[in-house]
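Dear colleague,

Please find the structure below, handed over for your study. The findings follow after it.

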Amino acid sequence: MKLWYGGKIYTMIQEGDWVEAIVVRDGRVIASGETQDLYDTYKEEIEEEYDLKGHVMYPGFVDSHLHIIGHGERLIRLDLSFMKSAEEVIQALKQHAAQLPDGQWIIGEGWNENQWEDPRIIHRDELDEISQAHPIMLSRVCRHALLANSKAIQLAGVDDSTHDPYGGVIVKDESGRVNGYFHEKAQELIKQAMPPATFDYLTHATELALQNMYQNGLTGGHTEDLNYYGGFKQTYDAFTHVIDGKACKFRAHLLVHHEVVDDMVKEGLGYKQGTEFVELGAMKIFADGAIGGRTAWLREAYSDQPGHFGVAIHDEHKFTSLVQQARHHRMPVAIHAIGDQALKASLKAVHQFPLTTGERDRIIHAQIFPPEFMSPLKNRPIIFDIQPAFVASDFPWVMERIGRSRLKHSYSWKTMIDAGLACAGGSDAPIEEINPLLGMRAAVERRAGPDQKIYQEEEQLSIYEAVALYTKGSAYAIGYELERGQIAPGFVADFTVLDRDLFTLNSHELADAVVSTTIVDGDVMYNRL
Ligand SMILES: [Zn+2]
């Protein structure tokens, strides 16, 4: 039995509730209360004592939507996300190319023209100037678009006569020439030409990601990776290999992209099956793209592109048949829906084929959320995965894309919570920084930094509501609200210890807190206390 004491332990049972100490046995909290009382009751059985030294313990932070292997790749690959101009990106690629043998792929991640002084899309010809000997593939920050040079385009077998695949666009210039910009499903054409990910590569990426997640105080994550790295089995095996439940404990909940559901079934696996720490989750379906690349699917046209409504990834028949397929396998669905039309189509489909298992469907992002959609959703088995950091990243450019009237009901986290909708908080890493404190700060502050403009002040969350998104919210999303997300007898011993008390901070200081210890299943996975 282990005793934790010596600092405030916030239970998250309700706002402000804390205890002095807890005892843990076999990965579960046995009792909580005053240190002396726990000593008196359990002194015979306590084998290990952990002094918090005045630091502050919370239920373990869980990211409700991210891509763990993608995050690991971001740690491996050329990171373009902090660059401030096209020239800076090009310069970095030139240096990178000089070190790589001819023929090897140059892979860059996270470029975002919206944070450049001169926002423009880099042209294929510019990439060819960097190298014609290396294929180049550069993912946009949203992962809904990529850039490719001529070598990559040629390897992909794409030329000016190639038709757009359904749900994707091969962008061409006025003369009809492919300009190197590939949207949504058209990205697959380029990606298929890349060398396949090996098992060793996947375990390496997963290990890097997990170490980084522990450092950020994360004890779990709901992640979507299984369809992108050489098949279901290899990717699933990479997770179970790395998260062995001994040296590495982490609560991984893996969403299953619809294209690999049959492969999952073939392995004899199903919803909420797996190992003690790695379990399979809902069927992931994309309804649309993202606002940045104008591929989020809207009810009314984009404010800065008349006549353009975004991209529906599937036609209605295919979309509903996917939901039916999930029901056939007794799976909830997890639908990526950013635009209001995508949300409408998603809600219609889950309404038409309701879940009968007592579990919950989830809508990921729900960024444009007309208030008239909300009231029918109260008490329905559906949760909303929100990414508060998008507010800090998407404003102000998003205002031009969607216009003032739609903006009123976009990123409306407070309205959603007050309407009784269950919300969970995630980063969508590698799209945003993985640090959950940045998400909490963005949810409370709604601005990019202390001197910046606040967007939609009325949608600011309290610090308690923000912390709840990443604790109770993430637990509720996958039906574990009676054993995760709080610190109480019977709950799992997953904890995040920070060097300070979030609830007494000024909101702009939330992300200044430093992770001291990350504990999963009662075992210390990371410690700098
Ligand atoms: Zn995502």
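Please note that the model is a predicted one.

Ile 190 itself lies in helix 6, which covers residues 187–191. Is Ile 190 buried or exposed? Ile 190 counts as buried because 22 other C-beta atoms lie within 10 Å, and 20 or more are required for that description. Ser 32, by contrast, lies 54 Å from Ile 190 in space, taken from C-alpha to C-alpha, and the two are 158 residues apart in sequence.

The next finding concerns the largest nonpolar core. This core has 165 residues, and those that touch the most other members are Trp 4, Ala 287 and Cys 423. Helix 16 (residues 463–477) supplies the largest share of this core, namely nine residues. For Trp 4, the contacts beyond four places in sequence are Ile 9, Ala 21, Ile 22, Val 24, Tyr 50, Leu 52 and Met 57.

Cys 423 belongs to strand 21, which spans residues 422–425. From this strand, Cys 423 and Gly 425 point one way, whereas Ala 422 and Ala 424 point the other way. All four of these residues are buried. Which strand pairs with strand 21 in the parallel sense? Strand 20 (residues 382–386) does, over four bridges. Within this part of the model, Gly 425 of strand 21 is the bridge partner of Ile 386.

Yours sincerely

Methods. Residues numbered from 1 in each chain as written. Predicted model: local features only at pLDDT ≥ 70, side-chain atom pairs only at ≥ 80, totals over all residues. Helix = DSSP H or I, 4+ residues; strand = E, 2+ residues; numbered from the N terminus. Buried ≥ 20, exposed ≤ 12 C-beta atoms within 10 Å, placed from the backbone. Core = buried A, V, L, I, M, F, W, Y, C linked by C-beta atoms within 7 Å. Contact = placed C-beta atoms within 7 Å. Pairing = 2+ DSSP bridges.
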